[in-house]
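Good morning, colleagues. Please turn to the sequence and the structure that I am about to show.

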Amino acid sequence: MFPRIITIGRILGIALIALVPNFSFAVDIKNPPFYDTEPFVLTRGYNTPDTHIGKDKYALDFAQNGCSAFLKPVIAVSDGEIISVNTSTAEGLRSGGGFGIFVLLKHSDGTQSRYAHLNEIFVSSGKIKSGQLIGLIGNTGNVNRESKSCLEHPGTHLHFVMYNPDLSSYKPEPIALCEDVTVNTKPCENFTVRHKYKSEQKIAKEYEKMPKIVAEVSVPDTAETIETTTNFWQNFSNSVYNFFANVDNPVFVAGERFGEALWEAAGEGNNQASAALIFSPPTIEPLNPEPLNLEPETFNIEPLNLEPETVDSEPPNPEPLNLEPETFDTALETSDIELKNTEPADAVPAVPETPKDFSETPVAVVTGYGNYGPTGPNGSAAPIEAIVPVPPACAAFKAEYFANLTLAGEPALVQCETEIKHNWQQGSPHELLPADDFSVRWSGSFLFEDAVYQFLLITDDGSRIFVDDVNILNAWFNQPSNMYFVNVPMTAGMHTIRIEYYEHTVFASFTARWLKL
Amino acid sequence: MKLPTLFFKGKATRGQVLMLAFILLILTLGLFVIKIVKQSNELRPGEKYGVEYRAPGEIEITQVGENKRVTDNRQNYSVTVPSSWQIEKPETVTHSFYFYDNTNGCKFSTSYYENPATLEEIVQQNDVRNDPYLTVTSYDVEDIVIDNFSGKHTIFETLETGYLEGIDLKKEGKIFSTGLGVLDGNREICSQELLQLAESLELR
């Protein structure tokens with residue numbers, strides 16, 4: 001019986017390799033999310049509660065024995081651009097929705113990859129290359145602690161997800177055995193896979209001594225089930241290749257031995273079989289010379305209702321506004337008291353003074369959880385007073401919206417705004433403007449006291465603040481939602497404030513304000 | 001050449017002395033190199049990537065009756081936790097304390113940090129209901145006052161990340177943040193313990 005199984009296994013093992021070039025590419029993964037020098041074990045597979053469900057149905061958890069994975073490097077699986085990060089280690093509100101410290105990349109084909117529960121990240125915005133270090137593995141956020149292997153840092157693992165352009169997750173891995181599970185079962189609990197992406201020489205050296213556990217495979221014990229076995233092999237090999245075919249031209253150096261090892265293991269005991277999948281960088285011609293079809297899926301996009309909110313307009317106030325914030329905390333209340341004890345407004349010089357030198361003023365940056373809000377102008381917190389063809393006399397800010405990234409040319413829209421607090425998410429501020437690649441300039445004159453003021457930006461993407469045409473805070477670059485603030489000593493009197501913002505891709509949100517310290 | 005003889009009889013030539021000095025120099029250099037290599041191998045995991053670790057003494061844990069008083073001398077706060085809880089000290093400067101009530105399946109965090117944003121802005125910026133990657137099954141924010149500090153108590157649950165609570169209190173431009181994450185644990189008990197953890201706060 002066993003020799004017969006082994007023979008069948010050898011045939012099917014070879015058949016697996018023969019089938020490989022016929023499979024199509026499904027994803028744009030260049031490498032696993034960790035270095036090839038670090039063998040990782042898949043500790044949680046697809047569709048397994050409590051966390052790999054919903055939009056993370058096809059998430060994967062990777063870990064190592066004990067706490068070995070703690071602070072191990074995490075790398076990008078493909079070229080991409082950062083669209084969101086969370087840097088807070090806190091649980092609860094600031095836990096990045098429970099993902100802890102994470103990085104979310106968008107790839108050229110519209111797919112996205114998330115690397116979650118990290119201990120540290122080294123990137124916050126911009127473009128990322130495939131294989132680039134983005135952070136270190138940790139246990140931040142709401143991590144499952146069912147594995148007791150790492151006592152010092154419970155729950156240490158990398159939570160890795162690939163998302164389709166519609167933000168549903170998809171399978172980047174060969175886990176055919178987990179396809180039909182329901183949320184009530186955990187058949188993938190013991191599933192492990194070894195990622196090896198090394199030189200052929202290194203693989204050959206390590207092959208004999210490496211643990212050879214890939215998956216528990218039920219091996220049919222009668223010849224009558226050969227048809228089923230064949231189907232199983234085809235499904236399994238299909239899944240295997242769907243992932244590894246997307247490694248740059250992989251070469252299955254040990255593919256034949258894979259089949260042998262699996263079936264020999266089956267012959268050694270019970271109906272359980274184990275083997276190792278081994279892959280190496282290309283040393284010969286690509287297996288699949290056909291070009292990849294990496295076009296993102298097409299989605300129906302409903303036109304947005306971009307009518308501005310109807311807000312009762314207040315008549316323009318000829319008096320300069322003192323835009324001291326409404327209510328803050330204890331510190332602000334103290335400021336309010338100080339304000340009442342200052343000179344009366346008519347003692348303030350009418351001519352704006354140049355602000356004090358703040359070229360050496362330190363700037364603080366706080367990177368926050370990616371900001372997702374309601375789409376379109378309905379999500380904008382700033383009331384729109386009017387849409388007029390010519391610049392109005394605004395009581396607070398005159399807002400000029402440009403249909404380009406660089407504030408160039410004539411604005412497509414000019415309106416008055418009383419505060420700068422917007423969350424357009426993936427929508428457009430107005431039907432005259434695109435959802436991406438637009439810019440805004442807010443300007444106005446405001447009364448300041450002789451005091452230190454804290455200017456704050458919460459921005460996605462770039463923004464900057466000018467006081468009397470002096471740039472005091474510059475975050476003019478592509479980025480997910482980040483917070484910046486700077487303390488600036490101001491002189492008493494009127495000062496012109498100019499705040500500029502641009503949105504490049506994906507999410508758009510912007511808040512700017514100041515308060516007296 | 002018999003080196004011991006040279007020393008004992010005092011007949012070493014200049015060349016022999018130089019050779020001996022050379023050998024000693026090589027040995028010293030060798031030991032130095034070994035020490036350097038050993039030190040480099042002793043780098044903590046994140047150090048080679050520039051992660052800044054906390055200095056010894058920044059964290060203090062003292063037994064107070066049946067509880068433990070945990071103090072973060074960098075962030076300047078203390079909290080009190082039951083002795084039975086597991087304490088994961090923050091190793092790097094950016095990290096929070098983690099506490100585990102393994103009996104009830106609760107994970108807690110505490111941190112105290114500068115943030116000029118208002119609590120409302122922080123809540124808005126972290127509102128998971130607007131996160132398109134999460135399926136939010138419940139969400140609630142309540143005002144809370146603990147020891148004269150006003151704050152926000154946020155409770156939410158998602159399919160993808162489980163049950164989470166946060167209590168964030170603001171004082172003079174700084175936020176004390178304590179959080180809870182529960183996957184398989186007892187939410188009611190964990191929630192009560194979160195409140196007790198926040199109430200045990202002492203700011204310095």
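Is A:Cys67 buried, partly exposed or exposed? With a relative accessible area of 24%, A:Cys67 is partly exposed; here buried means under 20% relative accessible area, exposed means over 50%, and partly exposed lies in between, with a 1.4 Å probe and protein chains only.

A word on conventions. This is a predicted model, in which local features need pLDDT of at least 70 and side-chain atom pairs count only at pLDDT 80 or more, while totals for chains, interfaces and linings use all residues. Residues are numbered from 1 along each chain as its sequence is written, chains are lettered from A and ligands numbered from 1 in the order in which they are written, and side-chain values use heavy atoms, with hydrogens and water left out.

I begin with the disulfides. A disulfide is a covalent bond between the sulfur atoms of two cysteines; the criterion applied is a pair of cysteine sulfur atoms within 2.5 Å. Over all chains, the structure holds three disulfides.

One of them pairs A:Cys67 with A:Cys150, the sulfur atoms being 1.9 Å apart. The torsion about this S-S bond is about 100°, so the disulfide is right-handed. A:Cys67 sits in the loop between strand S2 (60-63) and strand S3 (73-75) of chain A, and A:Cys150 in the loop between strand S8 (133-137) and strand S9 (158-163), so the bond ties together parts that are 83 residues apart in sequence. Helices (H or I, at least four residues) and strands (E, at least two) are DSSP runs, numbered from the N terminus. A:Cys150 is buried, at a relative accessible area of 5%.

Chain A also has a disulfide between A:Cys394 and A:Cys416, with an S to S distance of 2.0 Å. Its torsion is about -80°, so this disulfide is left-handed. A:Cys394 lies in the loop between strand S13 (363-367) and strand S14 (397-402) of chain A, and A:Cys416 in strand S15 (residues 413-417), so parts 22 residues apart in sequence are tied together. A:Cys416 is buried, with a relative accessible area of 8%.

In chain B, a disulfide joins B:Cys106 to B:Cys190, again with S to S given as 2.0 Å. The torsion of about -80° makes this disulfide left-handed. The pair links distant parts of the chain, 84 residues apart: B:Cys106 is in strand S6 (residues 106-114) and B:Cys190 in helix H4. B:Cys106 is buried at 0% relative accessibility, and B:Cys190 is buried with a relative accessible area of 0%.

Which residues does B:Leu195 touch, not counting those up to four places away in sequence? B:Leu195, found in helix H4 (residues 187-199) of chain B, touches B:Ile144, B:Ile146 and B:Ile167, where contact means heavy atoms within 4.5 Å. B:Leu195 is partly exposed, at 33% relative accessible area.

I close with the backbone. Most residues other than glycine have a negative phi, and most peptide bonds are trans. B:Asn76 has a positive phi, near 65°, and lies in the loop between strand S2 (67-72) and strand S3 (77-82) of chain B. B:Asn148 has a positive phi of about 70°; this residue is exposed, with a relative accessible area of 74%. Finally, a cis peptide bond with omega of about 10° joins A:Asp460 and A:Asp461.
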